Amino acid sequence: MPQPTNQPNIPPRRRRARADSGMKARTMFCVAVFIIAGFGLLIYQLYALQLRDAELYRTEAVTQQMKDITLPALRGSIYSVNGKLLAKSNTVWNIVADPSSIAKSGATEAQLRTAAQELADLLADGTTADALYEILTAKNANGTPYQYRMLAKGVEKPVADAIVSYADTYRMEPEKDGTTGKRILYLSTEQASTRSYPYGEFLASVLGFCNSDGEGAYGLEKYYNETLAGTPGRSVAETDVNGNALASGQSDLHEAIDGNDLYLTIDENVQAIVEQYLTEAMNTFTVHGRGSAIVMNVKTGAILAMASIEQFDPNDPYKITDAKMTAILDKEEIDAEDIDWLEGRLGEKAVKDIIADGKISRDKTVDEDGNEVASEYTQLQGMMREAQWKNKNITELYMPGSVFKLITASAGLDSGIMSTSQTFYCGGSLTVNEGSELWEHTYRCANGEVHYEQDMAGALNHSCNLWFIQAAETLKPQIFYDYIQAFGFTQPTGIDLPNETRWTSVYNAEQMAEVDTNLYTAAFGQNESITPMQMATAVAAIANGGYLVTPYVVDSVTDKDGNIVTQTETSIRRQVISEEVSRQLLSMMENNVHGEGNYHSCANAYVAGYRIGGKSGTAERTDRHLRGDGDYYKMMSFAAVLPIDDPEIEVFVLLDDPRWFKDYASQVVAPVVGNIISEIAPYLGVEQDAAYNPTGTVKVQTCLEYTWTNAQVTLNRLGLKHKLIGPSSGTIVYQYPVGGSVVPAGSTVYLYTATDQNAMTTVPDVTGKTGTFAEQMLRAANLNVQFSGDSSGKVVAQDVQSGTTAAYGTIVTLTMDTGAEAPAEEAPAVEENIDPANEEG
């Protein structure tokens, strides 16, 4: 029988009710907890969204809803002094893909392959469909699709528009009841620019070029990069879900500010003449190193022309344009001649290890530290590119040789230690420090020449080394070095071009005092290295009255409206010598070229009618090993100024390592300078000597078997013009008018290098025309002219019938209405038999 308990006897129904009530309470409690937790979480999320992380989400929303595009500025253009466009930028577009959005579109591989093929067809630039497919589906190392990948760069607008249109229309099939399918391709465009140089290699070493990012990498493009680049703009606009700008959305546009334009001091006509003659000299004289030239206004420092040959095409700067260099690169084994070229063009030290075994390896190697080293082929290729980009006039050092004697003479005169009548004796050789095993050295003049007693003018004319050694000894090291510094040889010229070397190799006063042979060799330009620009600037100072000016190539900077932003003014750094000393030196320089006496060492630079002063320099490359023939490699330069009574223009030319049977600048470089002067002097309006009478007749000298350069020298001296028919290489095989012909002064002689047949022209009808206009018409038709009567009148008859054909150079006599029937009495014919190849000096 059950035992009684203390529990109350609760009926079952009541117990169930109580259990249900507890369950409800617990349920209500749980529900309340969940509701409170939910509200708490919601409140926390609202707090996070609206307070704690409000700025973060606001930024993300703007990023997703706003399209922010950088608007590139159009790079400024570069113009010559005459307004010729030399460098310009064109607007192009880059095509950008968003692989992350493309992946979310759900497109199949087949659809994307089809799109890639269509895009390849639209680009039509050689890009393959496979390459484009890789871009459309590109992923990072974690397997996440990129948001930004460059699909194509530098696309023209019609192509860019076609690609954007295709991306907009190439879609998925519309969903049920839909009209437009989902987009597959997510492409956008970025405005960009591409740089072009209309004249290719012309002036390349001065202009430079831009890199793939559109920034200046060399030349003016680099030096004036900030001026040319401008300031980018910005466009911000609301977009739809596909990233397209909303027509009704907000937008903010800040226009780009285009770069400013450069107007140079370079005259494109002078530059073309300089490049033509420098290129011809490089070929004629087989120049293994490079050649360079400068034409400058000696009074202002403005550079009218500057060239370094071989050059490059800035439109394709990585292509090596030097045919000899590319031929060497194509070889695996190189011979002695190839090695000679490489050493001359790139430097002995630079190529020493590569040429050691006579082979150009295409295999990469590993150095002692385990680092991979580029192949010899790649290294050479890089050196060649770098060499052709350099502006030799400012980046490379050269030994000036006897041109430097002008500095020694200037120091002697301006210091007051010497006068122009100072004499020293030249016995053909001079031994210094005799008996000293360490310092004894014997100096000689070229070819062992003996000049005997001579004054300063004679020493400059004969380029006597021994005279200048004794002059430097008289000056003493400190005074000599003071003038070396004053002429600017220990610091850059300050020209507005990049990469002007800051290093020169000149002896200081202490070095010259400690070792007197340093003093002696410096006196005639040996064993010292400077830049061609430094030498040209120093010669300009001698010519302009003694003032060292800063050379420059940019005349002005203008904005897009043509307003001048900056204008370059002449900058005089200091006065180096007195105006009186300047006049004395100019007189001696003129005597070197043309003047009294029978011998003029620089006569090959003479052009009839112009008063020209000059000095040649042939330096022996003591920094190189000897040539195969046992002689030194040579650097040859020549500096000329004109007109000598009031100099305006300097022409400076350097040929590095030429190979010619006459081994002196007076035979190799002086003719090049004279030929340049013969064309640029009339063009620039340089006045001829008042005493020069260009009327009368001249007997033409035979130039057969001459090089084009030396043939021109002969004609320059006679006051005759010249034109080449055929390639500049080789010798003259025919000329018209022929040698021995008597022609009017100033006539043009046509020189042929490839044929002995006359080029023919049609004679124009010039009757009724003024003499001046008739002459222009006939010369334009490659005909020569002489007048019967006063040339200021009108033509009443011509002795060669119009409409007939005549050989280039034919003389057409014009009868003028104010003249007599017979030709006026002519001055006696001038005959001068000159063979420039036999000149010394």
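D657 sits in the loop between β23 and α24 (665–668), where helices (H or I, at least four residues) and strands (E, at least two) are DSSP runs numbered from the N terminus. This is a predicted model, in which local features need pLDDT of at least 70 and side-chain atom pairs count only at pLDDT 80 or more, while totals for chains, interfaces and linings use all residues. Residues are numbered from 1 along each chain as its sequence is written, and side-chain values use heavy atoms, with hydrogens and water left out.

Back to D657: its phi is near 70°, a positive value in a residue other than glycine. D657 is also buried, with a relative accessible area of 1%; buried here means under 20% relative accessible area, exposed means over 50%, and partly exposed is in between (1.4 Å probe, protein chains only). D656 belongs to strand β23 (residues 649–656) and counts as buried too, at 5% relative accessibility. Setting aside neighbours within four places in sequence, D656 is in contact (heavy atoms within 4.5 Å) with V287, H288, G289, R290, K392, R621, K634 and M635.

Another positive phi, of about 45°, turns up at T286, which is not a glycine. T286 is in the loop between α10 (268–284) and β9 (291–297) and is partly exposed, with a relative accessible area of 33%. As for peptide bonds, a cis one joins L642 and P643, with omega about -15°, and P643 falls in the loop between β22 (634–642) and β23. A cis peptide bond also joins Y736 and P737, with omega about -5°; P737 is placed in the loop between β26 (734–736) and β27 (742–744). For context, most residues other than glycine have a negative phi, and most peptide bonds are trans.

Now for the interior. A nonpolar core is taken as a set of buried Ala, Val, Leu, Ile, Met, Phe, Trp, Tyr and Cys residues joined through side-chain atoms within 4.5 Å. The largest such core has 98 residues, and L264, F489 and M535 make the most contacts inside it. Helix α22 (residues 532–543) is the top contributor to this core, giving nine residues. L264 touches I78, Y79, S80, V81, L86, L203, L207, L220, V553, V554 and D555, not counting residues up to four places away in sequence. There is a second, separate core of 56 residues, with L278, I309, I612 and V672 among them.

Cavities come next. On a 1 Å grid over the protein atoms alone, a cavity is a set of points where a 1.4 Å probe fits but cannot get out, and lining residues have an atom within 4 Å of a point. Grid points are joined across faces, edges and corners, and a volume is the space filled by probe spheres set on the points. On that basis, there are two cavities of 30 Å³ or more. The largest holds about 90 Å³ of space and has 14 lining residues, of which S205, Y218, G219, N391 and P498 lie nearest its centre. Both α7 (204–207) and α15 (392–395) supply at least two residues of that lining. By class, the lining of the largest cavity has seven nonpolar, six polar and one charged, with Ala, Val, Leu, Ile, Met, Phe, Trp, Tyr, Cys and Pro counted as nonpolar, Asp, Glu, Lys and Arg as charged, and the others, Gly among them, as polar.

The second largest cavity holds about 70 Å³ of space. Its lining includes R290, E310, Q311, D322 and R345; R290 is also one of the contacts of D656. Two or more lining residues come from each of α12 (336–346) and α14 (376–389), and α14 gives the most, with three. The classes for this lining are five nonpolar, three polar and four charged residues.

Y507 is in the loop between α19 (477–486) and α20 (509–514) and is buried, with a relative accessible area of 18%. Apart from neighbours within four places in sequence, Y507 is in contact with Y481, M512, N518, T521, A522, N527 and E528. The C-alpha atoms of Y507 and S529, 22 residues apart along the chain, are separated by 9.6 Å.

Finally, the cysteines. With a disulfide defined as a pair of cysteine sulfur atoms within 2.5 Å, the count comes to zero. C445 is in no disulfide, and the nearest cysteine sulfur, that of C464, is 3.5 Å away. C445 is buried, with a relative accessible area of 3%, and C210 is buried as well, at 14%.

Notes. On a 1 Å grid over the protein atoms alone, a cavity is a set of points where a 1.4 Å probe fits but cannot get out, and a pocket is an open set with protein on both sides within 12 Å along at least five of seven lines; lining residues have an atom within 4 Å of a point.
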